[in-house]
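Hi,

Here is the structure I promised to pass on.

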Amino acid sequence: MAKNAGVVGAAGFAGIELVRLLLNHPQFNLSFAASDAQAGHPLAEFYPAFTGVTDAVFVTNEEAEQTNVDVVFLAVPHKAAMTLAPTYLERGITVIDLSADFRLKDPAVYEQWYGVAHCATDWLAQATFGLPELFPQEIEQVAQIHQKGNPVLVGCAGCYPTATSLAAAPALRHGLVAEQGLIVVDAISGVTGAGKKATERTHYCFADENLEAYGVGTHRHTPEIEQILSIPGRLVFTPHLAPLRRGLLSTITMPVAPGLSASIEEVQSIYEDFYDSSSLVEVLPQGQQPRTASVCGTARAQVSIAFAAQGQALVATGAIDNLGKGAAAQALECANIVFGYAADAGLQAVAMPV
């Protein structure tokens, strides 16, 4: 039996991508797409790609809260989700949150990086982190809770943490990386990662034909990456903005463990075995590098691993679509697992070839 789903924050880039995916999903029906600013207007009026596909109209957040659905996706700004999520959970509705509000387990760390006290710490303690390839047992546990008729809360991983962690985790978890020393991440994102509202950095005239670093040493995804990879205080994370609509590439340089004797072929085998059961993460053959264009529009990730500095460092690289595996598609992947469907149900497998 199909389940009913709603999207709050549906007019934003991640939200409208979720709408697109839900409209083609074999098990979820889109019940509402909520946006106060666009309420009463057809989706196709703001996003012409929906012309002739759906006559759905944006509804208000208040109307959304009064609609009975099985799952709600929150594609709202940070700090808003922790207020909205309890209103649905208390009505028995499962919540899949795309913001950062339920990612960081320590509310003090959240307050430090987001500048506001967490107002839903009880739910934060119950939230499951949404990065299924790295935390499969956790997402399966909440799926079991859900099967018993209880609502559950999933806080999906951010875009930079997803690409970075998928690329680096196998090396770290298999002891290939020194337990001391800095781990350096240089990551590049398309402009949609900054959200729908244009700024002096993301306005076309400033972003086109330009590359720049931002949030150097201060980006909010720093503690999330450290939490996922268990590397507190060791991360040097520098994000960059590229003149792309969508796509994210992360390159991670890690010092090798002292005395490591593994060959690149052995390291490659570790990576391939690590993701052997994953339908959405592809380890590229040795010598090949991930490309954002190869995952555009999909929930897939590409990763690679190589030695550098005469074997003193490992360089892992990960590519995702920041709106796909970095946001909407990852949220839908989590919902699939929670509701007992195949992880990749309704998710596009093939990127645009050109």
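This is a predicted model: local features need pLDDT of at least 70, side-chain atom pairs count only at pLDDT 80 or more; totals for chains, interfaces and linings use all residues.

Residues are numbered from 1 along each chain as its sequence is written, and side-chain values use heavy atoms, with hydrogens and water left out.

There are eight aromatic pairs (Phe, Tyr or Trp rings, the six-membered one for Trp, with centres within 6.5 Å; planes under 30 degrees apart are stacked, over 60 edge-to-face, the rest tilted). One of them is Phe 28 with Phe 339, edge-to-face at 5.3 Å centre to centre and 85° between the planes. Phe 28 sits in strand E2 (residues 28-34) and Phe 339 in the segment after helix H12 (324-338), so this pair ties together parts 311 residues apart in sequence. Helices (H or I, at least four residues) and strands (E, at least two) are DSSP runs, numbered from the N terminus. Both Phe 28 and Phe 339 are buried, meaning under 20% relative accessible area, with exposed over 50% and partly exposed in between (1.4 Å probe, protein chains only). Ring pairs link Phe 28, Phe 339 and Tyr 341 into a cluster.

Now the strands. Strand E3 (residues 71-74) runs parallel to E4, joined by four bridges; strands pair if DSSP finds at least two bridges between them. Leu 74 is opposite Asp 97 in E4. E4 also pairs with strand E6 (residues 153-156), again parallel, over three bridges.

Cheers
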